[in-house]
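Q: Hi! Could you walk me through this one in plain words?
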Amino acid sequence: MITEIAPAATPAVTEPARPGKKRRAWDEVPRWQIYLPLGIYLLFTLVPFYWILLFALRPAGSTSLVPWPVTFDHFQKVWTERSFGTYFTNSVYVGVSTLLLTTVVALAGGYALARFDFRLKRGFMLALLCSQFVPGALLLVPLFQIFAKLQMINSLGSVVIAETVFQLPLSMILISGFIRNVPYSLEEAAWVDGCNRLTAFRIVVLPLLRPGLVAVGSFAFVHAWNHFLFALMFLSDQSKQTIPVGLSTLMSADSVDLGALAAGGIIAAVPVVIVFAFIQKWLITGFSAGAVKG
């Protein structure tokens with residue numbers, strides 16, 4: 001039996017008395033004790049990126065620690081000769097499709113978890129949490145058999161479905177937390193004005209979930225963009241491969257083309273960096289909203 005969760009009464013909150021201004025312990029810490037660890041961490045973080053740029057931009061065979069003269073031959077090589085243009089297009093298709101499918105399904109499931117009470121709800125939530133401990137490799141055999149019967153092997157759709165299945169449990173839990181933070185009274189007011197549940201959700205609740213949807217969608221996109229295992233197992237045609245699998249083709253048992261590998265790594269990283277640069281405001285807001293218990 002499914003019952004709707006009634007809104008809980010909000011207790012009155014009294015503002016505590018403000019103590020006199022005191023100097024915080026943080027202000028007494030010397031600045032060098034703050035900047036020195038941050039500088040060391042920044043050094044260890046940026047050096048690998050500089051090393052990748054160095055191999056990607058300097059000519060083949062050069063041992064200079066400065067990428068001069070700058071050359072883009074490695075980028076041209078991987079984009080044309082190594083079919084990275086095709087890999088890039090396939091990765092965009094898989095990433096965007098996984099983002100949309102995961103967000104839509106998680107939105108419906110998260111709303112049900114947040115607004116309705118039903119039997120075995122706690123057990124269902126526990127199953128969703130426990131599924132996050134299952135590695136993706138354990139899903140390969142059953143998923144491969146299912147896709148083989150559906151004749152979806154060597155199809156980008158199989159990778160999209162597998163990535164969506166892998167991302168849904170955590171996404172549903174996160175979305176349900178965001179929906180709980182939306183006051184139930186807003187939906188009730190929309191119902192009084194004549195809206196049905198779907199219309200009230202679309203007009204009232206959905207705009208308030210924008211930061212949460214950005215957070216969930218960005219994680220789904222990045223995971224699908226970087227995931228190697230599903231694309232390797234379900235796609236056999238080279239024209240259907242994604243960027244992570246394409247990067248592995250640059251390494252052989254005898255030699256590794258470091259310049260091409262570095263250029264391919266930059267091509268793989270740039271879209272993710274651009275996406276996070278544009279959505280970081282919504283992402284931080286989404287994390288803050290999801291961290292507050294409604």
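A: Happy to. First a definition: helices are DSSP runs of H or I with at least four residues, strands are runs of E with at least two, and both are numbered from the N terminus. With that in hand, Thr86 lies in helix α3. This is a predicted model, where local features need pLDDT of at least 70, side-chain atom pairs count only at pLDDT 80 or more, and totals for chains, interfaces and linings use all residues. Residues are numbered from 1 along each chain as its sequence is written, and side-chain values use heavy atoms, with hydrogens and water left out.

Q: How many helices and strands does the protein chain have?
A: The protein chain has 12 helices and 2 strands. Reading from the N terminus, the order is β-α-α-α-β-α-α-α-α-α-α-α-α-α.

Q: What share of the contacts comes from residues 24 or more positions apart?
A: Such residues account for 74% of the contacts with a separation of 6 or more in the protein chain. As for burial, 35% of the 294 residues are buried.

Q: New topic: how many aromatic pairs are there?
A: The search of the whole structure gives 13 aromatic pairs. One of them is Phe84 with Tyr87: the ring centres are 5.5 Å apart and the planes are at 70 degrees, so the pair is edge-to-face. Here rings of Phe, Tyr and Trp (its six-membered ring) pair if their centres lie within 6.5 Å; planes under 30 degrees apart are stacked, over 60 edge-to-face, and the rest tilted.

Q: Where do Phe84 and Tyr87 sit in helix α3?
A: They are 3 residues apart in helix α3 (residues 84-115), which means about one helical turn separates them. Both Phe84 and Tyr87 are buried.

Q: Which residues do ring pairs link into a cluster?
A: That cluster has Phe144, Phe147, Phe166, Phe230 and Phe234. Two of those names come up again with Ser158, which is in contact with Phe147, Met152 and Phe234 once neighbours within four places in sequence are left aside. Ser158 belongs to helix α6 (residues 156-180) and is buried, with a relative accessible area of 0%.

Q: How many salt bridges does the search find?
A: The search of the whole structure finds 1 salt bridge, meaning a side-chain nitrogen of Lys or Arg within 4 Å of a carboxyl oxygen of Asp or Glu. The partners are Arg115 and Glu187, at 2.6 Å from N to O. This pair links distant parts of the chain, with Arg115 in helix α3 and Glu187 in helix α7 (residues 184-192), 72 residues apart.

Q: Why can side chains like that pair up?
A: Side chains of opposite charge can pair when their charged atoms come close.

Q: Are Arg115 and Glu187 buried or exposed, and what are the values?
A: Arg115 counts as buried at 5% relative accessibility, and Glu187 counts as buried at 0%.

Q: Last one: where is Gln151, and what is its phi?
A: Gln151 lies in the loop between α5 (140-149) and α6. Gln151 has a positive phi of about 55 degrees although it is not a glycine, and Gln151 is exposed, with a relative accessible area of 74%. Asn154 is also in the loop between α5 and α6, with a positive phi of about 65 degrees although it is not a glycine. Asn154 counts as partly exposed at 22% relative accessibility.

Terms used. Buried < 20%, exposed > 50% of the residue type's maximum accessible area, 1.4 Å probe, protein only. Contact = heavy atoms within 4.5 Å.
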